Amino acid sequence: MKKFKCPYCNENTVSRFRKAFAGSLKSKGYKCPNCGGRCVNGRESTVFHAILSLTIFIAIIIKSYKDPNNLITFSLVLFGLYFIISRVFDAFFFELEKTWRIDVNRK
Ligand SMILES: [Zn+2]
């Protein structure tokens, strides 16, 4: 299975699965087992998440105007989809970057 390059030590240490849950630039990310650096998904991933959540927000508003029945179920399904889609995209696209957080060890 393909591993992703750690932005700190340039070793291929981060698996697809770990990358999917590494979070965005402002999260603590995944700790590289080789050097201990915190890897997160980069800028493109953060932009993608923002667009995706905005799309879902708009879809919920449109739904509430057109057909307010089952709005809560509809919203929960969309948020579930959002979670799955964003994890899948993080797993398959985007580069890893160093975390922007300064309260964790950045190295
Ligand atoms: Zn590393």
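**Close-up 1. Lysine 3 sits opposite serine 15 in strand S2.** What you're looking at here is part of a predicted model. The two strands on show are S1, covering residues 3-5, and S2, covering residues 12-15. They pair in the antiparallel sense, with three bridges between them. Together S1 and S2 make a hairpin, and six residues lie between the two strands. Have a look at asparagine 10 in the turn: its phi is positive, at about 60°.

**Close-up 2. Three strands line up as an open sheet in the order S3-S4-S5.** The pairing in this sheet is antiparallel. Strand S3 (30-31) and strand S5 (96-98) take the edges, and each has a single partner strand, so one side of each is left without a neighbour in the sheet. Zoom in on S3 and S4 (residues 38-41), and you'll find two bridges joining this antiparallel pair. For tyrosine 30, the bridge partner in S4 is cysteine 39.

**Close-up 3. Helix H2 packs against helix H3.** As a quick reminder, a pair of packed helices is described by the angle between their axes and by the distance between those axes. H2 spans residues 43-66 and H3 spans residues 71-92; their axes are 10 Å apart, at an angle of about 165°. That angle makes H2 roughly antiparallel to H3. The crossing of H2 and H3 is right-handed. On the H2 side, the contact residues include Phe48, Leu52, Ile56 and Ile60. On the H3 side, Phe74, Leu78, Tyr82 and Phe89 are among them. Sort the contact of H2 with H3 by class and you get twelve nonpolar, six polar and two charged residues.

**Close-up 4. Stepping back, the whole chain has three helices and five strands.** Starting at the N terminus, the elements go β-β-α-β-β-α-α-β. How spread out is the chain? Its radius of gyration is 17 Å, well over the 13 Å that the globule rule gives for 107 residues, so the chain is more spread out than a compact globule. If you box up the C-alpha atoms along the principal axes, they fill roughly 50 × 30 × 20 Å.

Terms used:
Residues are numbered from 1 along each chain as its sequence is written. This is a predicted model: local features need pLDDT of at least 70, side-chain atom pairs count only at pLDDT 80 or more; totals for chains, interfaces and linings use all residues. Two strands pair if DSSP finds at least two bridges between them. Helices (H or I, at least four residues) and strands (E, at least two) are DSSP runs, numbered from the N terminus. Axes are lines fitted to C-alpha atoms, for helices over the stretch in contact, and angles run from 0 to 180 degrees between N-to-C directions. Angles under 35 degrees count as roughly parallel, over 145 as roughly antiparallel, 65 to 115 as roughly perpendicular and the rest as oblique. A crossing is left-handed if the near helix is turned anticlockwise from the far one by less than a right angle, and right-handed if clockwise. Two residues are in contact if their C-beta atoms, placed from the backbone, lie within 7 Å. Ala, Val, Leu, Ile, Met, Phe, Trp, Tyr, Cys and Pro count as nonpolar, Asp, Glu, Lys and Arg as charged, and the others, Gly among them, as polar. The radius of gyration is taken over C-alpha atoms; the globule rule is 2.2 Å times the number of residues to the power 0.38.
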